[in-house]
Amino acid sequence: MTLATTADHRAIAAGLSFEGRVFIAGRFVAAAGGEMMETVNPATGEAFASVASGQAKDIDRAVAAARTAFRDGAWSRSAPERRKAVLLKLADLIRANAAELAVLESLDSGKPIRDCVKEISIEVPDTLQWYAELIDKSFGKVAPTGEDALALITREPIGVVGVILPWNFPLLMAAWKLGPALASGCSVVVKPAEQTSLSALKLAELAAEAGLPDGVLNIVPGLGETAGRALGLHPDVDAISFTGSTEVGRLFLRYAADSNLKTIGLEMGGKSPFIILDDADLTPELIEHAVTAAFWNGGQNCSANMRQIVARSRQEEFLSLVTERARALVVGDPLDPATDLGPMVTAEHRARVLDFIEMGTGDGARCVLPADPALATRPGSFLGPTVFAELSPGMTITREEIFGPVLGVLPVDGPEQALTIANDSAYGLHATVFTRDIDRALFMARRLACGTVAINGFTEGDIKTPFGGYRQSGSLARDKGTEAMAQYLQTKTSWINLKSPAIG
Ligand code: NAD
């Protein structure tokens, strides 16, 4: 899809209509209590749509619809070819509606339109297509036995899945979960983040158009403490797939323990390192990766490489190059294709990030690029990039997830110290290493305690590779790749005793 101009995006925005009701059993309906939440455009600070604030009663209705659909089997027991065809059609419908969906998501979240277009015209439909194509290529197993038995190992959909989403990649995170959940035959109840429900509701409409049977996909927007909690505690939900903060992920383990011991898949926060060893060339490409790793999506990214661990001998050169590049980032209107950084998702979130920045200065970190103060006077919740030097491992801004446009440099003396500092974290989601030496690169990759290691380039991999965290960044669950299917399938053994037939 070619990128349109700001004026084109504004024209699309002006023509959008916003569906704010809950989607249950194949229809948009008013939420049971009639309560609504305002959806604010973070670029202007103004409310532009109202969305239902789902309550426990709405979750009950959605789970009941999902259970009925699962039992009926129109999806859960349908032929693989049928599920594949529907998901492929959904992928095509998303491609056909990508411009509207991208503008919708940009208005709702403040994400730069360039990122929304890439995610929604390519990554979201490609994710659904990848899982659609996996459906009729997934086989069970036959265990080795003697001739007196046949042992089949098959996998079956787990049942009703609750999907809890964050606001930073609304439709992409939905696709990472819905792709494998629907491919496996499960029925789903989605609780989008309260800040960004609109694209998930539009997705429901497209799923119905693609032929997904009623009740297989239900969307209940609402607050975490009401709709999210009700889904987590629901006795008829078989599994939860959660992406969000570690703090809230912990609650879902409690909800499971306090209800029906549903399985819980957790994708949570991070504090990821970006390591530059002394043999790395500080090329413009490396600097681009460093800046992207810290500032992509305004740093509102679980795998943001905020801790940049740099060989002491290269620190000053790196700081000057990275600061120069960060200063050139365009902070502005998310609907402008030239924008690199939109606003923070809410004014409250910006205030939280600013508190962290103040703590960094208070703890003695040297601020080499302060956030542009002019942005504070502009409507919306804009915040420019900040770069700190001389972070130390014990500082709060080195340890806690900031989730904002802040890059901090920690100088180190050699790969061993880089590893010690990199692994000194409660989290373990992602790491990047730059070195020209393949032995050093693989040594670092083996020793880094995290789910994804990127060598000589910041990347989270692609749809074929699993994504998830060690330690408090995640459970054993993974999104993406064939590994994601494990969240939505359970394994069954069928052991058949055989007798030798009397032949002849
Ligand atoms: P959050 O934890 O505040 O919210 C996530 C979801 O949980 C939302 O839908 C919210 O409504 C719900 N929720 C909040 N409180 C709840 C409660 N008491 N009971 C039940 N549900 C509740 O996270 P966020 O601010 O939306 O997203 C940012 C976080 O997500 C960051 O920590 C980030 O690292 C993480 N994240 C992780 C990944 C990953 O793949 N590991 C990807 C994206 C974001």
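Which residue in β16 does Q308 stand opposite? In this predicted model, local features require pLDDT of at least 70 and side-chain atom pairs pLDDT 80 or more, while totals for chains, interfaces and linings use all residues. Residues are numbered from 1 along each chain as its sequence is written, and side-chain values use heavy atoms, with hydrogens and water left out.

Q308 stands opposite V409 in β16. The two strands concerned, β13 (residues 307-311) and β16 (residues 406-412), pair in the parallel sense over five bridges; strands are DSSP runs of E with at least two residues, helices are runs of H or I with at least four, and pairing requires at least two DSSP bridges. Both strands belong to an open, mixed sheet of seven strands, ordered β14-β15-β16-β13-β12-β18-β19. At its edges, β14 (366-369) and β19 (452-455) each pair on one side only. Neighbouring strands are turned against each other by 20 degrees on average, direction ignored.

Helix α14 (residues 415-423) lies across β12 (273-276), β13 and β16, and runs at about 170 degrees to β13. Here contact means heavy atoms within 4.5 Å; axes are lines fitted to C-alpha atoms, for helices over the stretch in contact, with angles from 0 to 180 degrees between N-to-C directions.

Around the ligand there are 30 residues (a heavy atom within 4 Å), of which K191, E194, S245, Y255 and E401 come nearest. A polar side-chain atom lies 2.6 Å from a ligand oxygen atom in K191, 2.5 Å in E194 and 2.6 Å in S245; a polar contact is a pair of N or O atoms within 3.5 Å.

Key
A polar contact is a pair of N or O atoms within 3.5 Å; within protein, one must be able to donate a hydrogen and the other to accept it, and residues adjacent in sequence count only if both atoms are side-chain atoms.
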